[in-house]
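Welcome, and thanks for taking a look at this one with us.

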Amino acid sequence: MEDTRKRKLEAEMLQEEAEDILEQAKRLKTAADDNRDIIEQLEQDAERTHEEAEEERQDAARLKREAEELKEEAEEERDEAAAIKREVQELKEEAEEERDDAARLKREAQELQEEAEEERDESARLRTEAQELRDEAEEERDNAWQLRKEAQELKEEAEEM
């Protein structure tokens, strides 16, 4: 009897242990199911993250290409600006030369105008002198005519005598 009781007690303990093990197995199964769900979620997240990373990589490559294009455009703009700056400088230098030439031509024109004024003054003086000489020559002709007339009269008087 004692053996039966012992066995019964052992059976109860084994039953409790089996129930504990069964309970533990249920918890482990639930945890495994939860872990499977978590793993599945993590795999989906990893796939999504991989896709997002691929999109980000493609965006980065696109942005890099665009940045390179912008860099090339900026370089072209800088080259063009430098060319324009050189042209402006050349135009400034040409304008300065033209201003210098204009000032030189103005000075030369002024000098020529002064020379022309002097020439006009000289010409007027020479015309005046020529007129005076003509007047003197006219007087000399008149005097010569008067002297010829007087000489003729004297000659006639001398012949009469």
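R78 has a relative accessible area of 47%, so R78 counts as partly exposed. Please keep in mind that this is a predicted model. R78 also has a salt-bridge partner, E75, with the closest N and O atoms 2.6 Å apart.

**Salt bridges along helix 1**

- The structure holds 14 salt bridges in total, and a few of them are worth a visit here.
- E75 and R78 both belong to helix 1, where they sit three residues apart, about one turn of the helix.
- E75 has 38% relative accessibility, which lies between the 20% and 50% cut-offs, so E75 is partly exposed.
- E96 and R99 form another salt bridge, at 2.6 Å from N to O.
- Because E96 and R99 are three residues apart in helix 1, about one helical turn separates them.
- E96 is partly exposed, with a relative accessibility of 38%.
- D101 pairs with R104 in a salt bridge whose closest N and O atoms are 3.9 Å apart.
- D101 and R104 are both in helix 1 as well, three residues apart, about one turn of the helix.
- D101 is partly exposed at 37% relative accessibility, and R104 is partly exposed at 33%.

**A patch of negative charge**

- Which residues gather in a patch of negative charge on the surface? They are E68, E69, E72, E73, E76, E77, D79 and E80.
- E69, one of the patch residues, lies in helix 1.
- E69 counts as partly exposed because its relative accessibility is 46%.

**Two more positions, and distances along the chain**

- L105 has its place in helix 1, which covers residues 2-160.
- With 46% relative accessibility, L105 is partly exposed.
- L105 lies 26 residues from D79 in sequence, and their C-alpha atoms are 38 Å apart in space.
- D79 is also one of the residues in the negative patch.
- A109 is another residue of helix 1.
- Is A109 buried, exposed or partly exposed? Its relative accessible area is 42%, so A109 is partly exposed.
- Between A109 and T4 there are 105 residues of separation in sequence and 149 Å in space, C-alpha to C-alpha.

Notes
Residues numbered from 1 in each chain as written. Predicted model: local features only at pLDDT ≥ 70, side-chain atom pairs only at ≥ 80, totals over all residues. Heavy atoms only, no water. Helix = DSSP H or I, 4+ residues; strand = E, 2+ residues; numbered from the N terminus. Buried < 20%, exposed > 50% of the residue type's maximum accessible area, 1.4 Å probe, protein only. Patch = residues over 30% accessible without salt bridge, like charges linked within 9 Å, V, L, I, M, F, W, Y side chains within 5 Å. Areas by Shrake-Rupley, 256 points an atom, 1.4 Å probe, with all protein chains shown as cover. Salt bridge = Lys/Arg side-chain N within 4 Å of Asp/Glu carboxyl O. Lys, Arg positive; Asp, Glu negative; His and termini not counted. Charge placed at Lys NZ, Arg CZ, Asp CG, Glu CD.
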